[in-house]
Each structure stands twice: as C-alpha cells, then as structure tokens.
Amino acid sequence: MPLRIELKPSERLIINGALIKNLDRKSAFLVEGQCKFLRESEIIRESEADTPCKKLCVTLQVIYLADDPAEAENLFVLQSTEILRQMPSAAPYLLAIHDELAARQYHRAIKAGRQLVAFEASSAPAAEASAAG
C-alpha cells in the first residue's frame, strides 16, 4: 500500500538517507514500496542534541536509517547505560526503547525516545530544585 506524504512549504523529509526539502508550496506525493523515512518534526539534529537523552535519540535515528546499524547499536547500549546510571527513573523508557529495537520496530523506538526526552525535560527542573535546596 502506498504511503501518502504531505509536506508544508520548506518542510524537510529524509527518505532512505536522502534529504528532501519542499519548495514554497504545500505538496503531496505517494511513496510506493518499502522505504525508511523521517519527517522534519521527528528529527533531532546532532547540533540540537544538548542532553544525554537527545543524543540517544540521534543514535536511534542513525540505527533506523543505517544499512548496518551494529556500530550505532553499540553506542545506544553505552548511552542508555550512562542515562540509567545518572537517572534511574528513566528505566521504563529505556526498556520500552530496547524492546522496540529488539522487535526491529525502529520508528516506534524513535517515538519512545522522544517520550524519554520529554521525561528528561520534566525531570530536570525537579533535579535542579533538589540540588539547590
């Protein structure tokens, strides 16, 4: 079944590693066949990865888009171990990501990674308050 994708003006999309940028008007197209894609709203750029969980999400993106993700998977294990050491309360999120990776559901792993980033952001003010108090 084809996948219909609509892009807003200037929106970007990665399909099988190629960056596609829409021009000045909204457009729609069909993708026929299997492909790996990420919409701009799903992408965390490496330059934006300023926290451990955001860096982990970048690694998940690489795993998803890579032809051979073994090296990125090793990096994921190191990053998740460090996050777990620093923030034990992130364990359920990391387990969910790991389960999706084990099931080869990479796009779902990325979504779970974004939930981890949201959890990290909500936990940061509490951690800062307890450190200050």
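S10 sits in the loop between β1 (3-7) and β2 (12-15). The model is predicted. S10 is not a glycine, yet has a positive phi of about 70°. Its relative accessibility is 42%, so S10 counts as partly exposed, since that class lies between the 20% and 50% cut-offs.

The loop between β2 and β3 (18-21) holds N16. Here too phi is positive in a residue other than glycine, near 45°. N16 has 49% relative accessibility and therefore counts as partly exposed. Why are these values worth a look? Most residues other than glycine have a negative phi.

| Residue | Phi | Relative accessibility | Loop |
|---|---|---|---|
| S10 | about 70° | 42% | between β1 and β2 |

Now the whole chain. How many helices and strands does the protein have? There are four helices and five strands. The order from the N terminus is β-β-β-β-β-α-α-α-α. The C-alpha trace spans about 55 × 30 × 25 Å along its principal axes.

The protein has 133 residues, and 34% of them count as buried. Its accessible surface is about 8,600 Å². Carbon and sulfur atoms account for 55% of that surface.

Contacts come next. Take those between residues at least 6 apart in sequence: 51% join residues at least 24 apart.

Last, the charges. The protein carries 16 positive and 18 negative charges.

How values were computed: Residues numbered from 1 in each chain as written. Predicted model: local features only at pLDDT ≥ 70, side-chain atom pairs only at ≥ 80, totals over all residues. Heavy atoms only, no water. Helix = DSSP H or I, 4+ residues; strand = E, 2+ residues; numbered from the N terminus. Buried < 20%, exposed > 50% of the residue type's maximum accessible area, 1.4 Å probe, protein only. Contact = heavy atoms within 4.5 Å. Areas by Shrake-Rupley, 256 points an atom, 1.4 Å probe, with all protein chains shown as cover. Lys, Arg positive; Asp, Glu negative; His and termini not counted. Charge placed at Lys NZ, Arg CZ, Asp CG, Glu CD.
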